[in-house]
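Hi there,

Here is the structure I promised to pass on. Have a look at it first, and then read my notes below.

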Amino acid sequence: MAFRAAMLRHIRVPVQNLTLKRPILQSWSFGNPTRSMSSHGDDHLDREEVIERVLSVIKDFPKVDPSKVTPDVHFQKDLGLDSLDTVEIVMALEEEFKLEIPDKEADKIDSCPLAIEYIVSHPMAG
Amino acid sequence: MSGGATYLARRAAQKERVRILYRRALKDTLNWAVHRHLFYRDASDLRDKFEANKRVEDLDAIDRLIADGEANHNKFRHPDPYIVPWAPGGSKFNRNPTPPSGIEIIHDYGREDNA
């Protein structure tokens, strides 16, 4: 095993920097060659993207006034929603980021900062 | 004083039970719905069922309603719910697992000028 690891480390092939000419920050697309297609959690979303997508989900919620939505709103205090609306928003966020949040944890998410924090730190958010 | 505190604690517990019941019921509604447009109507019906008892004040009556709701939900639970692929029970669970610890993934493709 140790020998195999040493071999694998030794024989890695340097690739010339043909692929490095592209700008690092690219909007997501299927043609993006730097996007990892693996599922082992080393492809974290960056914070800006999470914030943008969380806000767009909340703005699309029918009972919400889109102009009031900022990254630090509380769903019930600032947006005038009730607790069941919060449940619906959390479910919409789960669908947007392809997550499955355990019931108890999902119940605690009641504001935008908490939602963003949870999704940013979740290894499987996609 | 302590009466007020126990009242509030009981209310908080009831609210949490309702939220979790609504969440599970909503998920099962999505599981049962074959198409998205069917889900919207079912979800709205579900919401109406919850809204109908929004103004109940009596604690015992609320407990009874929640218990009824939970029993009802248990009856209509989906036998094969949707599970996100990476989660236990999902179609991609434990596929393509993390490589063993001896192997590194070199993300800079061997480029050496960024030291």
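This is a predicted model: local features need pLDDT of at least 70, side-chain atom pairs count only at pLDDT 80 or more; totals for chains, interfaces and linings use all residues.

Several residues of α2(A) are buried: Val50(A), Ile51(A), Arg53(A), Val54(A), Leu55(A), Val57(A) and Ile58(A). Their cover includes two other helices of chain A, α3 (83-96) and α5 (112-121). As a reminder, an α-helix has 3.6 residues a turn, so residues three or four places apart point the same way.

UniProt, in an unreviewed entry, lists residues 48-123 of chain A as "domain: Carrier". That stretch is 57% helix and 0% strand, with its end C-alpha atoms 16 Å apart.

Now to chain B. Helix α1 (residues 2-32) and helix α2 (residues 36-52) of chain B pack at about 155°, and their axes are 9 Å apart. An angle over 145 degrees counts as roughly antiparallel, so that is how α1(B) runs relative to α2(B). The crossing is right-handed. Among the residues making the contact are Leu21(B), Tyr22(B) and Ala25(B) from α1(B), and Phe39(B), Leu46(B) and Phe50(B) from α2(B).

For residues 17-71 of chain B, an unreviewed UniProt entry gives "domain: Complex 1 LYR protein". The span is 84% helix and 0% strand, and its end C-alpha atoms lie 13 Å apart.

Happy exploring!

Conventions. Residues are numbered from 1 along each chain as its sequence is written. Chains are lettered from A and ligands numbered from 1 in the order in which they are written. Side-chain values use heavy atoms; hydrogens and water are left out. UniProt positions are given in the numbering used here, feature names are shortened, and annotations may be inferred rather than shown by experiment. Helices (H or I, at least four residues) and strands (E, at least two) are DSSP runs, numbered from the N terminus. Buried means under 20% relative accessible area, exposed over 50%, partly exposed in between (1.4 Å probe, protein chains only). Contact means heavy atoms within 4.5 Å. Axes are lines fitted to C-alpha atoms, for helices over the stretch in contact, and angles run from 0 to 180 degrees between N-to-C directions. Angles under 35 degrees count as roughly parallel, over 145 as roughly antiparallel, 65 to 115 as roughly perpendicular and the rest as oblique. A crossing is left-handed if the near helix is turned anticlockwise from the far one by less than a right angle, and right-handed if clockwise.
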